[in-house]
Amino acid sequence: MRILRLLHLLGPHGKIKVRFGQWGEDVIVHRNFDKQKHGFYVDIGAHHPFAHSNTARLWLRGWTGVNVDANRKSVDVLRRVRKQDHTIWAAVVSDKIAAERDTIEFFSEDHTDLTGTVVQNMASERGKQKSVTVPCRSVASIIAESAELAPDGIDFMNIDIEGMDEEAIASLADWPHKPRMIAIETYAQTIPAVMETGTFRIMSDNGYDFRYQVGLTSIYMRKDFHEGR
């Protein structure tokens, strides 16, 4: 009986059904890039090579990319596992904050906590009292750095930075390159609520279609997005 149950993990063609994303977002991402053997991702708030990762399946298929996280422990794990990737230790903030300072306070529970935020109110609500000073960067600067590693452009960008997501994409119109697909955390419970957010407005104004809502993650595609290349 146990063996029969384990067989349900296998798809019709003998492939193990695996998802890594917190809400299964990576299944949507994988499906839309299924025909593309090689690609490039930028994972902002990468957290871990596998746990709650929307880029793990792409990495397992041979993709490479840039990982960014403010938690030094997460960065160490990512660098150890994803050796072909470029991993940056930094908190991603708005362009305004990044222009004003080089560092910012990052709040977490303790040294074992891989999550955290630079938003003080959110940190207080979640009981994250430990703070450390970390480097901070804007999305635009990371994209500019990534351009040297991705001459064909960025295929997929994941943004999950605990309360700073919308501010981080405010300058989307000025980004040197625009990813083909963007998954971004949106604190809205329904699709109509998502469509009333600043995130939806920014994405729509810059040539993206809102395609999927999975849990708290909104997935947008550039209007010229086509599967594969």
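Which residues are buried in helix H7 (residues 139–147)? They are Val139, Ala140, Ile142, Ile143 and Ser146, where buried means under 20% relative accessible area, exposed over 50% and partly exposed in between (1.4 Å probe, protein chains only). The model is predicted: local features need pLDDT of at least 70, side-chain atom pairs count only at pLDDT 80 or more, and totals for chains, interfaces and linings use all residues. Residues are numbered from 1 along each chain as its sequence is written, and side-chain values use heavy atoms, with hydrogens and water left out.

**Helix H7**
- Helices (H or I, at least four residues) are DSSP runs, numbered from the N terminus.

**Nonpolar cores**
- A nonpolar core is a set of buried Ala, Val, Leu, Ile, Met, Phe, Trp, Tyr and Cys residues joined through side-chain atoms within 4.5 Å.
- In the largest such core, of 39 residues, Met157 and Trp175 touch the most other members.
- H7 gives the most to this core, with 4 residues.
- Apart from it lies another core of 14 residues, including Trp59, Trp63, Ile219 and Phe225.
- Beyond residues up to four places away in sequence, Met157 touches Val42, Ile44, Val139, Ile143, Trp175, Pro179, Met181, Ile182 and Ala183 (contact: heavy atoms within 4.5 Å).

**Asp95**
- Asp95 lies in helix H5 (residues 95–100) and is partly exposed, with a relative accessible area of 29%.
- Leaving aside neighbours within four places in sequence, Asp95 contacts Ser138, Ala140, Ala168 and Ser171.
- Asp95 and Glu167 are 72 residues apart in sequence and 8.1 Å apart in space, C-alpha to C-alpha.

Key:
Helix = DSSP H or I, 4+ residues; strand = E, 2+ residues; numbered from the N terminus.
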